[in-house]
Amino acid sequence: MRTGRAGIMDRHSHITVLRLFLLVIGSFTVPYPVPGQSYPFTTLTTADGLAQSAVSCIFQDSRGRVWFGTWGGISMYDAKELRSYRNSAVRVTCIAEGSGDTLWVGTTAGLALVVYRGGALHWQGPSDNGLPSPYVITMLKDASGAVWVGTNKGLVVFAPSGERFLFDATTGLQEDHITGLWQEPDGAVLIGSAGGILRCRLSESRLVETHALRDNGVVGSMTLLRGGDVLAALVDERRVVRWHEGAWLTLFSSDVLGPDVQVRSLGEDAQGNIWIGTTLGLAVLVDGHAHGITGTQDLPNRYIGAILRDREDVLWFGTEAGVLKLPSLLFRNYGHATGLKGDHVIAVYEDEQRNIWLGTYSGATQLAPDGRVTSFGPAEGLPHLAVHSFIEAQRGTLWIGTWEGLVAVDRGVLVPSPVPELRHRAVIRMLRDPSGTIWCGSRGRIVRVTPAGKVLLTLGAEEGIPDAGICALHMDGDGTLWFGTDEKGCGFYRDGKVVMIGAPEGLPDPWVMSIVRDRQGVLWLGTQHGIVAWNGTRCVPMAVDDEDVRSGIVTFVVCDSLGMLWFGTQRGVYAWNGSALIHLDSRDGLIADPTRCGSAGREGDLWIGTIGGVSRLDMKTFVREQRPPVVSIQGVTPEGDVLSQDRTAFSFTENTLTVEFNALSFRDERRTEFQWTLAGIDKGWQPPHTDRHVRYTHLPWGQYEFRVRARNPRTPWSDPVRIPILIGRPFWATWWFLALAVTGSAGVLLLLYTRRVRALEQESATERRFSRTLLEFQEAERTRIAGELHDSLAQTLAIAKNKSLLGIRNAHDPLRAGREFTEISATLSAAMEEVRGIAHNLRPYQLDRLGVTRALRSLAGTVSASTPLRITTEIENVDRLFTPEMGTMVYRIVQEAVNNVLTHSGAGDAFIAVRRSAQDVVITIQDSGRGFLLDRRAGLDAAGFGLSGIARRARLLGGTAVVESSPGAGTTVCVTIPVPAHLQEA
């Protein structure tokens with residue numbers, strides 16, 4: 001809170017102690033500027049969904065969610081999104097956990113409850129709840145479940161049984177104005193107030209074992225450190241003090257406190273550094289020194305009202321402009337602001353006195369263990385600003401390799417090079433071997449010298465050293481000297497011979513920037529196109545997926561004290577533990593991502609030179625066991641529906657599902673990775689991804705199990721969380737539908753069978769009728785022929801017989817016998833004509849003599865000439881389309897139709913058409929007679945003998961016969977006969 005906000009609190013309290021608190025609260029000034037440390041803060045503001053910008057308290061619940069109390073509501077952050085309750089009249093001062101998803105919320109108007117349910121915050125209250133004052137300042141839920149509520153007029157404890165106990169200055173407290181509550185590991189509760197700090201326990205309705213940890217001083221803020229010490233800000237004494245081993249230690253004395261700054265919050269990070277939030281920004285105590293971090297550097301606002309360290313050692317800061325989040329710091333950074341000659345660090349080296357030497361393009365810098373910074377440039381005798389290498393020749397003497405020669409540092413003073421041969425040559429890399437001699441790499445030359453400067457060996461072009469800068473040196477245990485160049489590959493010197501390694505041996509790039517052998521004996525070469533290992537004959541690329549390590553610029557390779565390999569790249573550094581890569585960059589606190597050099601310190605820490613300065617990696621913090629994030633499945637959502645935490649069963653139409661999940665990890669939400677699998681659909685774990693949801697479309701019905709796990713950049717995978725998912729059967733796969741389908745199918749089959757049987761019966765009946773009619777037709781034909789033979793031909797022959805007998809009797813009379821034989825001849829001639837007529841009716845002779853086409857034309861002509869019926873024709877040539885038997889039946893069809901016209905129609909005109917196509921012949925006989933009423937349901941088979949004969953003959957030919965007729969409208973007979981396939985081309 002700013003001073004103006006403190007005035008609001010003053011109007012609520014109306015007590016003298018609070019006025020004293022506001023008047024005498026001390027100020028804080030930092031003794032010297034920030035030591036180049038860059039802090040990777042991230043922010044949460046109202047633009048992200050924060051209820052209000054002024055954050056007064058921060059709380060983490062038992063599930064890991066972080067809550068922010070503001071001067072306008074409350075917000076909950078679950079690493080995925082902010083959910084808020086906003087109310088400009090609500091001013092939240094503190095938060096404690098209730099039962100389930102319920103929180104106790106202290107405000108300036110009493111106690112309120114917040115319930116998180118259904119993805120939303122539900123606010124209840126506030127009310128005074130029997131408090132001595134509605135102005136709630138601090139709260140604590142102890143190990144027994146009791147909730148302690150501190151106000152500006154006393155303390156109330158709500159026991160789990162529902163009882164309420166009130167305490168004030170008359171019942172054991174030092175003062176009524178309660179400013180802080182903390183529970184120690186042994187269960188004792190620390191009560192900070194305007195009168196000091198009281199240590200006590202709650203027994204039944206009384207405070208027992210009370211002990212004044214401090215019996216004076218206005219405690220403005222208080223926190224419990226990890227080691228059990230108490231840290232408190234005494235506003236009246238303008239000091240920040242620490243309770244340690246039974247005594248109070250002053251971290252800030254009155255001579256460093258001023259009237260312009262007020263301490264508002266206290267905290268501790270994972271490294272044990274003390275963080276102090278003030279009205280002017282942040283201060284951090286590192287190794288007993290205070291370093292200020294003001295709003296002009298990293299903070300969006302100078303006011304820090306709350307500090308929280310969560311379970312993952314992430315620091316949260318509440319300001320008047322939102323929330324700042326700072327992950328556990330791995331790096332301590334140094335840059336130009338700390339006295340470095342330049343930010344672009346190209347060489348780093350630690351001597352035996354633990355001095356860190358940094359080479360830049362702007363000179364050299366010495367960082368002493370006590371924090372002193374000494375810089376060297378041309379004014380101090382440095383021959384060139386570009387400093388590439390360092391080596392400790394002997395205790396107290398350091399050599400510095402620059403672009404224009406070698407120079408030495410003796411007792412803090414630069415002296416001329418002890419090696420005259422290297423006084424004006426670029427010394428890019430230096431190495432001290434086990435014997436104590438020093439190898440100096442220049443351009444096209446490697447020189448071996450003693451610490452006194454005597455040259456023992458020079459390797460140059462004659463020995464096979466290429467004309468290139470020597471930018472890497474390494475010596476194996478057997479005395480083999482390895483070197484890397486900036487444009488000609490790498491090589492080694494052994495037994496007086498130089499052997500070069502290049503592209504033929506698999507070297508991916510001729511610029512070899514670093515050479516290191518690890519503890520397993522593998523030699524690693526860092527190039528501008530990835531890291532490779534030398535197996536004795538060839539270079540083998542590193543089998544990793546990361547593009548920066550596999551094929552990017554590898555600026556350095558370092559083996560640390562734990563045996564891990566570190567690779568510098570343009571995007572930070574990578575640690576290789578033999579099985580996995582761990583990536584660290586500016587998001588983890590590295591001062592800049594593009595690296596240039598690296599070195600393992602004597603105490604195990606790793607120093608990394610970048611284009612923005614140098615970073616020291618705290619290996620103790622880095623190797624500390626990291627627990628994987630806690631994963632939760634938030635719910636499964638059908639397409640078009642809302643998120644539900646309870647639904648796991650869905651209908652078949654809801655087969656497109658989105659599974660929402662989350663991991664409560666705040667180290668870096670952007671880099672938390674998830675893997676998931678849906679048993680029955682996915683074949684295994686899907687590739688890692690930062691998405692916190694997955695969508696499955698058109699899932700088949702059945703039972704599934706969804707599993708998800710998560711990890712952070714430096715943690716293993718978490719145990720998977722599982723949830724069953726059921727996609728219901730479609731209606732056609734249910735038992736009742738299957739039973740219905742079987743029953744229906746059986747019914748349909750029975751119906752089809754019945755209809756088929758009926759059809760067969762009808763067909764059989766038709767065939768029987770046809771056969772009966774055919775027999776009748778044949779019998780009638782026989783009867784007709786018999787009648788003709790009997791009534792005509794037989795009588796004629798009988799006459800001829802009688803005439804012959806008369807002729808025989810009258811043989812004595814030649815004249816009369818002659819007349820008889822003449823009549824016999826005439827009678828036999830008539831008999832022959834009758835025989836011909838009978839034969840013509842059986843098979844017209846015109847068919848054989850003229851063919852079907854001309855026979856039909858002849859039929860029409862004969863009928864027209866011998867009857868009143870006038871017949872017109874349109875008959876195409878169909879002679880070769882039918883076999884003789886088929887031709888006879890076609891002729892009989894037309895003949896029968898014409899006979900029907902003559903016999904029944906009474907027509908004066910008729911029309912006969914025979915038309916052919918590629919597949920069939922269509923015969924049409926049409927008259928203009930009286931017509932008749934046709935029973936279509938009975939069909940042609942039930943019609944007269946003529947029409948039924950036409951229909952039967954058409955069916956025998958494989959065709960159809962259709963008759964159209966109505967009274968007074970004439971009759972049309974249409975017969976379609978298919979042409980046999982082998983005759984269609986005729």
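Entry on conventions. I number residues from 1 along each chain as its sequence is written, and I leave hydrogens and water out of side-chain values, which use heavy atoms. Because the model is predicted, local features need pLDDT of at least 70 and side-chain atom pairs count only at pLDDT 80 or more, while totals for chains, interfaces and linings use all residues.

Entry on strand 29. Strand 29 runs antiparallel to strand 56 (residues 613–617), with four bridges joining them, and N333 has S615 as its bridge partner.

Entry on cysteines. My search of the whole structure returned zero disulfides, a disulfide being a pair of cysteine sulfur atoms within 2.5 Å. For C539, the nearest cysteine sulfur belongs to C490 and is 6.0 Å away; C539 is buried at a relative accessible area of 5%, and C597 is buried at 8%.

Entry on the cores. A nonpolar core is a set of buried Ala, Val, Leu, Ile, Met, Phe, Trp, Tyr and Cys residues joined through side-chain atoms within 4.5 Å. I found that the largest has 39 residues, with I871, F882 and I950 among those with the most contacts inside it. Helix 9 gives the most to this core, nine residues.

How values were computed. Two strands pair if DSSP finds at least two bridges between them. Helices (H or I, at least four residues) and strands (E, at least two) are DSSP runs, numbered from the N terminus. Buried means under 20% relative accessible area, exposed over 50%, partly exposed in between (1.4 Å probe, protein chains only).
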